[in-house]
Amino acid sequence: MSWFLLFIAGVLEAGWLIGIEKSAAFSKIPYVLFAVACMTASLILFGLSLKAIPAPTAYLVWLAVGVLSITLINHYFFNQLITLKQLGCFALIIAGVVGLKLSH
């Protein structure tokens, strides 16, 4: 269950990044509220995952899932291109996360 919570925390990290970006320097309050809600939920779930996952591993996975999530969101919703080099690097990130999961 801790790994699932950590995964959701990473996805929510992408949510707060999008909220901050879309808030236009914190002038659009709904986006600010969205960012704060995602940030709060992400940190709570991250903290809960630390009960069973060592902090360095959890932090690395949290960041990796966040990076992958924000990239996919930007690609599918904001038409940002993903290059083959980026896909290769993302494959390495995923392999690293799977390797960390299998090592615990």
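Helix α1 passes helix α2 in a left-handed crossing, a term used when the near helix is turned anticlockwise from the far one by less than a right angle (clockwise would be right-handed). Before going further, please note that this is a predicted model, in which local features need pLDDT of at least 70, side-chain atom pairs count only at pLDDT 80 or more, and totals for chains, interfaces and linings use all residues. Residues are numbered from 1 along each chain as its sequence is written, and side-chain values use heavy atoms, with hydrogens and water left out.

Now back to the helix pair. Helix α1 covers residues 2-22 and helix α2 residues 29-49; they pack at an angle of about 160 degrees, with their axes 7 Å apart. That makes α1 roughly antiparallel to α2, the word for angles over 145 degrees. The axes are lines fitted to C-alpha atoms over the stretch in contact, and angles run from 0 to 180 degrees between N-to-C directions.

On the α1 side, the contact (heavy atoms within 4.5 Å) involves residues including Leu5, Leu12, Trp16 and Ile20. From α2 come, among them, Tyr31, Phe34, Met39 and Phe46. By class, the contact of α1 with α2 has 16 nonpolar, five polar and two charged residues. Here Ala, Val, Leu, Ile, Met, Phe, Trp, Tyr, Cys and Pro count as nonpolar, Asp, Glu, Lys and Arg as charged, and the others, Gly among them, as polar.

The loop between α1 and α2 holds Ala25 and also Phe26. Exposed means over 50% relative accessible area, buried under 20%, and partly exposed in between (1.4 Å probe, protein chains only).

| Residue | Phi | Relative accessibility |
|---|---|---|
| Ala25 | near 60 degrees | 72%, exposed |
| Phe26 | about 65 degrees | 51%, exposed |

What about the protein as a whole? There are four helices and zero strands, in the pattern α-α-α-α along the sequence. Helices (H or I, at least four residues) and strands (E, at least two) are DSSP runs, numbered from the N terminus. The C-alpha trace spans about 45 × 35 × 20 Å along its principal axes, and buried residues make up 32% of the 104 residues.

An unreviewed UniProt entry lists residues 29-48, 60-78 and 84-102 as "transmembrane region"; such annotations may be inferred rather than shown by experiment. Residues 29-48 are 100% helix, with end C-alpha atoms 28 Å apart. Residues 84-102 are 100% helix, with end C-alpha atoms 27 Å apart.

Key. Angles under 35 degrees count as roughly parallel, over 145 as roughly antiparallel, 65 to 115 as roughly perpendicular and the rest as oblique.
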